[in-house]
Amino acid sequence: MRKTSAPVKKLAGATRFETAVEISKQGWKDGSSKVVIVNGELAADGITATPLASTYDAPILLANKDDIPESTKAELKRLNPSDVIIIGDDGSVSQKAVSQIKSAVNVNVTRIGGVDRHETSLLIAKEIDKTNNVSKLYIGAGNGEADSLSIASLAGKEKTPIVLTQKDGVDNEAEQFIKSNKVSN
């Protein structure tokens, strides 16, 4: 096996929540005006939120459905954002968890959440389109997170939305978004 001389830095915490905090600390040393929060158990929301977080130059922090871990609260205080964007409906991150965020930091909280991961991904695409003209999309199966995960870093770099679909094809609302934005790729 060939050894590399490239420096290696491990970003890890004892839990997934603490790992997200360590990544945030590395990438946003001086704070962030926006923070994206997703349920740490729902990979699809985190994947489709990646280009949105890149659009806003915001870290992604993790929550449980009904509570915000202390490590996440502490990182929110350190980041001192003016806006927190919750990804998913109340079944993903509940109002109880949102109340804990508001108790931890004085912040404006908005939510991007549809009835399912497909609609949520399309709502994220529409949010990205408000600041970046969306002419390209990545389409992924809503039940196959591995494929969408594989494109998430490139989608984040490009600030290109990932829209999740049923395995049988693109739904009507997604098709209308593609047509109305003249998505060419």
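Guide: Gladly! Let us begin with one term: contact means heavy atoms within 4.5 Å. Please keep in mind that this is a predicted model.

Visitor: Which residues of α2 and α5 meet by that cut-off?

Guide: From α2 come Ala44, Asp45, Thr48, Ala49, Pro51, Leu52 and Thr55. Their partners in α5 are Arg117, Thr120, Ser121, Ile124, Glu127, Ile128 and Thr131. By class, the residues of this contact divide into six nonpolar, five polar and three charged.

Visitor: Why is α2 called roughly parallel to α5?

Guide: Helix α2 (residues 43–55) and helix α5 (residues 117–131) pack at an angle of about 5°, and their axes lie 10 Å apart. Angles under 35 degrees count as roughly parallel, so α2 is roughly parallel to α5.

Visitor: What makes Arg16 and Trp28 lining residues of the largest pocket?

Guide: Lining residues have an atom within 4 Å of a point of the pocket. Arg16 and Trp28 are both in the lining, including also Thr19, Ala20, Ile23 and Thr50. This pocket has a volume of about 220 Å³.

Visitor: Which element gives the most to that lining?

Guide: That is α1, with four residues. α1 (16–27), α2 and β2 (60–63) each supply at least two. The lining divides into eight nonpolar residues, three polar and one charged.

Visitor: What is the volume of the second largest pocket, and which residues are the closest to its centre?

Guide: Its volume is about 190 Å³. Of the 16 residues that line it, Leu42, Ala43, Gly46, Ile47 and Leu149 are the closest to the centre. β1 (34–39), α2, β2 and α6 (145–158) each supply at least two residues of this lining.

Visitor: What makes the pair Asp171 and Glu173 a polar contact?

Guide: A side-chain oxygen of Asp171 reaches to within 3.2 Å of the backbone nitrogen of Glu173, at the start of helix α7 (residues 172–180). The cut-off for such N or O pairs is 3.5 Å, so this pair falls within it. After α7 comes Lys182, whose phi is positive, near 50°.

Technical notes:
Residues numbered from 1 in each chain as written. Predicted model: local features only at pLDDT ≥ 70, side-chain atom pairs only at ≥ 80, totals over all residues. Heavy atoms only, no water. Axes fitted to C-alpha atoms, helices over the stretch in contact; angles between N-to-C directions. Parallel < 35°, antiparallel > 145°, perpendicular 65-115°, else oblique. Nonpolar A, V, L, I, M, F, W, Y, C, P; charged D, E, K, R; others polar. 1 Å grid on protein atoms, 1.4 Å probe; cavity = no way out; pocket = protein on both sides within 12 Å on 5 of 7 lines; lining within 4 Å. Points joined across faces, edges and corners; volume = space filled by probe spheres on them. Polar contact = N/O pair within 3.5 Å; in protein donor to acceptor, adjacent residues only side chain to side chain.
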